[in-house]
There are 2 protein chains.
Amino acid sequence: MTAHAHPSGPTGADAVDALLDRLRASGGRVTPARRAVLEVLVEAGAEHLAADELAARVHASAPQVHLSTVYRNLESLEEAGVLRRARLGEGPASYHLSADDHHHAVCRRCGVVIQVSADALGPVVAALAREHGFRAEPRHLTIDGVCAACAR
Amino acid sequence: MTAHAHPSGPTGADAVDALLDRLRASGGRVTPARRAVLEVLVEAGAEHLAADELAARVHASAPQVHLSTVYRNLESLEEAGVLRRARLGEGPASYHLSADDHHHAVCRRCGVVIQVSADALGPVVAALAREHGFRAEPRHLTIDGVCAACAR
DNA sequence: CTTGATGCAAATGGTTTGCATGTTT
DNA sequence: AAACATGCAAACCATTTGCATCAAG
C-alpha cells in the first residue's frame with residue numbers, strides 16, 4: 001500500500017524518507033526519534049525552529065524523546081548535510097532543512113525580515129576566492145540595516 | 001610634557017581618551033575599569049578578544065576588575081558605538097574596536113578567520129538598496145566556507 | 001548628593017556528556 | 001553480536017543579575 005496515515009500526507013512522508021536515506025548513506029541509523037525530528041522539520045518548511053521548540057513539537061507524537069536526543073540528532077543530521085544550524089542574533093540556534101536555504105536582511109528598527117537569495121552574495125564569494133583562495137559557502141548570514149519604511 | 005610612560009605609547013593613550021570621550025558623550029561614566037578595557041582593546045588592534053581573554057589582560061594592570069564588570073563595560077561600550085561584538089562560529093563572542101571594522105570569513109574545517117573589508121560587501125548592499133530600498137549597514141557578518149589550505 | 005558603576009556570589013539558559021540500557025544493522 | 005542511539009541526570013560554559021557598597025558627575 002502506498003497510502004499512509006501521516007498527518008503531513010504522502011508527500012511529506014516521502015520527503016522524510018528521502019532525508020533518512022541521506023542519513024543512512026552517511027553512516028547514521030534510522031530511529032523513531034530521528035524520523036520524528038525530520039517530520040517536524042518537513043512540516044515547518046522554511047520556518048526557523050529552536051531545539052526546544054522542535055522538541056516540543058516532537059513530543060506531540062513522541063513524548064518520550066528527550067531534549068538531549070534532539071540535540072544529538074540535530075548534530076548527526078547536520079553532519080549528514082540534511083539540515084542547517086543558524087545562529088540568528090542572540091538566543092538559541094535555529095534549524096531548518098538544507099532545502100530551504102536563504103539569507104536574511106533584518107531591519108534594526110522594526111525587525112522586518114527580507115529574504116536574500118544566495119545569488120546576491122555572488123560578488124563577495126568571487127572576491128574571497130580571487131583574493132584569498134577561500135571557498136565561501138555562505139549558509140545563513142544576517143545582514144543588519146534599516147528597511148525602506150523605517151529609513152524615511 | 002608629551003611623553004607618557006604607557007607601554008602602548010602616547011598614540012595609544014590618546015586613542016583611549018578619544019574613545020572615552022565618545023563613551024561620556026553617550027551618557028556613560030569614565031572609570032578605571034573602562035579605561036583598562038579600552039587600553040587592552042587598543043593594544044590588541046585588529047585581534048579578536050573574548051571577554052575572559054580580555055579580562056585576563058586587564059588583570060595584568062588591574063587585578064581587581066571582575067569579569068562581570070568587563071561584560072557590563074563591553075555592553076556599554078558597544079552601545080556607545082565604540083566597539084563591536086562578533087559571534088564567530090562556536091564558543092564565546094569576540095570584541096574589537098569599531099575603528100577596526102571588518103567582516104569575517106571563517107573556515108569551517110580549521111577555524112581560521114580571514115578579515116573581509118566592508119567594501120567587499122558593496123555589491124550586496126547595492127542590490128538590497130536597489131531591489132528592496134533596504135539600507136544595509138552590515139556590521140559583523142560571518143561568512144562560512146573552506147579556506148585555501150583546507151580545500152586542497 | 002544623586003545616579004551610575006563595581007565586586008561578589010549566585011542564578012540563568014543553552015547545550016553537552018557520562019553512563020547504563022535498549023535498538024538498529 | 002557489535003556498533004550505535006537513547007533517556008536521564010548531572011556537568012558545563014558563557015553570560016546575566018541581585019544586592020550592598022563605592023565613586024563619578
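Strand β7 of chain A, residues 142-146, pairs with β6(B). The two strands run in the antiparallel sense, and the pairing covers 2 bridges. Within this pairing, look for G145(A): it stands opposite A136(B), a residue of β6(B). Keep in mind that this is a predicted model.

Now widen the view to the whole interface of the two protein chains. Chain B brings 34 residues into contact with 32 residues of chain A. Together the chains bury about 2700 Å² between them. Carbon and sulfur atoms give 61% of that area.

Charged pairs also cross this interface. Between chain B and chain A the count is 4 salt bridges. One of them can be located by name if you find E90(B) and R87(A), which form a salt bridge. Their closest N and O atoms are 3.6 Å apart. Polar contacts cross here as well: 7 residue pairs across the interface of chain B and chain A, with both residues at pLDDT 80 or more.

Which elements of chain B each supply at least two residues of the side that touches chain A? Strands β4 (103-107), β5 (113-116), β6 (135-136) and β7 (142-146) do, and so do the helices α5 (122-132) and α6 (148-151). The most comes from β7(B), with 5 residues. By class, the side of chain B that touches chain A divides into 19 nonpolar, 6 polar and 9 charged residues.

DNA strand C has 22 residues around it. Five of these come nearest: Y71(A) from chain A, and R29(B), T31(B), T69(B) and N73(B) from chain B.

Which parts of DNA strand C lie within 4 Å of the protein? Sugar or phosphate accounts for 68% of those atoms, and bases make up the rest. Some phosphate oxygens can be followed to particular residues. Y71(A) reaches one through its side chain, where an N or O atom is 2.5 Å from a phosphate oxygen of DNA strand C. V30(A) uses its backbone: a polar atom there is 3.3 Å from a phosphate oxygen. In chain B, a polar backbone atom of H66(B) is 3.1 Å from a phosphate oxygen of DNA strand C.

Definitions and conventions. Residues numbered from 1 in each chain as written. Chains lettered and ligands numbered in written order. Predicted model: local features only at pLDDT ≥ 70, side-chain atom pairs only at ≥ 80, totals over all residues. Heavy atoms only, no water. Contact = heavy atoms within 4.5 Å. Buried area = accessible area lost by both parts, 1.4 Å probe. Salt bridge = Lys/Arg side-chain N within 4 Å of Asp/Glu carboxyl O. Polar contact = N/O pair within 3.5 Å; in protein donor to acceptor, adjacent residues only side chain to side chain. Helix = DSSP H or I, 4+ residues; strand = E, 2+ residues; numbered from the N terminus. Nonpolar A, V, L, I, M, F, W, Y, C, P; charged D, E, K, R; others polar. Pairing = 2+ DSSP bridges. Near = heavy atom within 4 Å.
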